[in-house]
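Q: Please take a close look at one part of this model, the packing of neighbouring elements. How do they meet, and what lies between them?

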Amino acid sequence: MSKQKSELFATSMDDKELILRVTNHNDHSAFAILVDKYQKLVVNTCRGFVYNYADAEDLAQDVFIELFESLPEFRHESKLSTWIYRIAVNKSLNHIRKKKREIIFSSIVSAFEPSEKQQNFADPNSTDEADKQIKSAELHRTIKEAINKLPKNQKIAFILNKYQDLSYKEVAEVMEVSLSSVESLLFRAKLNLQELLSEYYKKNIS
């Protein structure tokens, strides 16, 4: 079979078939299809933990290297995406520990919107655009700092659920904990964030 026909054949396979092609035949075109399929998922997941997009892309490369090396161990007991999420989270946490960088989560603002009254300070009709941008940046920074202070498991559950939009069940599978544990982690994370952010709102919202 020619290389072109082999690649075309591989694109018609599901994940399980592609994995078998990689592990049994060292088929790089099959693995390239998996990379293409999950590239965005991996980069976005890493981006939820690390400071900038370049770091997320670097981590994504590490994730796919580990994925390639660990595919022979994959037993299809969960979805491949769950396995990949787990690798991406672990790589991101290791990166943070080694580099001692701040965690960024600027996109989480939408998951923790203040009430309508609290939003008045950022009225989109305001003529003072510069002041609005300063306050918006300050809010992003404050939320980032608050998430940084969450215990590790609360942080992971919160990011996966609110940033990656995973269901409680999917978060439980990625973290390898029970559904009730995820519910508890998210409940406590939200309470902690409310407490951490309350001082900001008291000072800035009249």
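## Helix pairs and the loops between them

A: Among contacts in the chain with a separation of 6 or more, 64% join residues 24 or more positions apart. The model is a predicted one. The chain has 9 helices and 0 strands. Along the sequence the pattern reads α-α-α-α-α-α-α-α-α. Of its 206 residues, 41% count as buried.

Start with helix α7, residues 152-163, and helix α8, residues 168-175. They pack at an angle of about 135°, and their axes are 10 Å apart. Angles of 65 to 115 degrees would count as roughly perpendicular, and those over 145 as roughly antiparallel. α7 and α8 are therefore oblique to each other. Their crossing is right-handed.

Which residues make the contact of α7 with α8? From α7 come N153, I156, A157, L160 and N161. From α8 come Y168, V171, V174 and M175. By class, this contact has 7 nonpolar residues, 2 polar and no charged.

Stay with α7 for one more residue. K152 is in this helix. K152 is partly exposed, because its relative accessible area is 47%, between the limits of 20% and 50%. Leaving out residues up to four places away in sequence, K152 touches L93 and R97. K152 and L93 are 59 residues apart along the chain, yet their C-alpha atoms are separated by 9.0 Å.

Next comes the loop between α8 and α9, where E176 is placed. Phi of E176 is near 60°, a positive value in a residue other than glycine. Most residues other than glycine have a negative phi. Is E176 buried or exposed? E176 counts as exposed, because its relative accessibility is 60% and the cut-off is over 50%.

Now turn to the pair α2 and α3. These helices also pack at an angle of about 135°, with axes 8 Å apart. By the cut-offs already given, α2 and α3 are therefore oblique to each other. Here the crossing of α2 past α3 is left-handed. D15, L18, I19, R21 and V22 are the α2 residues in this contact. On the α3 side are A30, F31, I33, L34, K37 and Y38. The classes in this contact are 8 nonpolar, no polar and 3 charged.

The loop between α2 and α3 holds N26. Phi of N26 is near 50°, again positive in a residue other than glycine. N26 is partly exposed, because its relative accessible area is 44%.

L34 belongs to the α3 side of the contact with α2, and L160 to the α7 side of the contact with α8. In soluble globular proteins, nonpolar side chains tend to be buried together.

Key
Residues numbered from 1 in each chain as written. Predicted model: local features only at pLDDT ≥ 70, side-chain atom pairs only at ≥ 80, totals over all residues. Heavy atoms only, no water. Axes fitted to C-alpha atoms, helices over the stretch in contact; angles between N-to-C directions. Helix = DSSP H or I, 4+ residues; strand = E, 2+ residues; numbered from the N terminus. Parallel < 35°, antiparallel > 145°, perpendicular 65-115°, else oblique. Left-handed = near helix turned anticlockwise from the far one by under 90°. Contact = heavy atoms within 4.5 Å. Nonpolar A, V, L, I, M, F, W, Y, C, P; charged D, E, K, R; others polar. Buried < 20%, exposed > 50% of the residue type's maximum accessible area, 1.4 Å probe, protein only.
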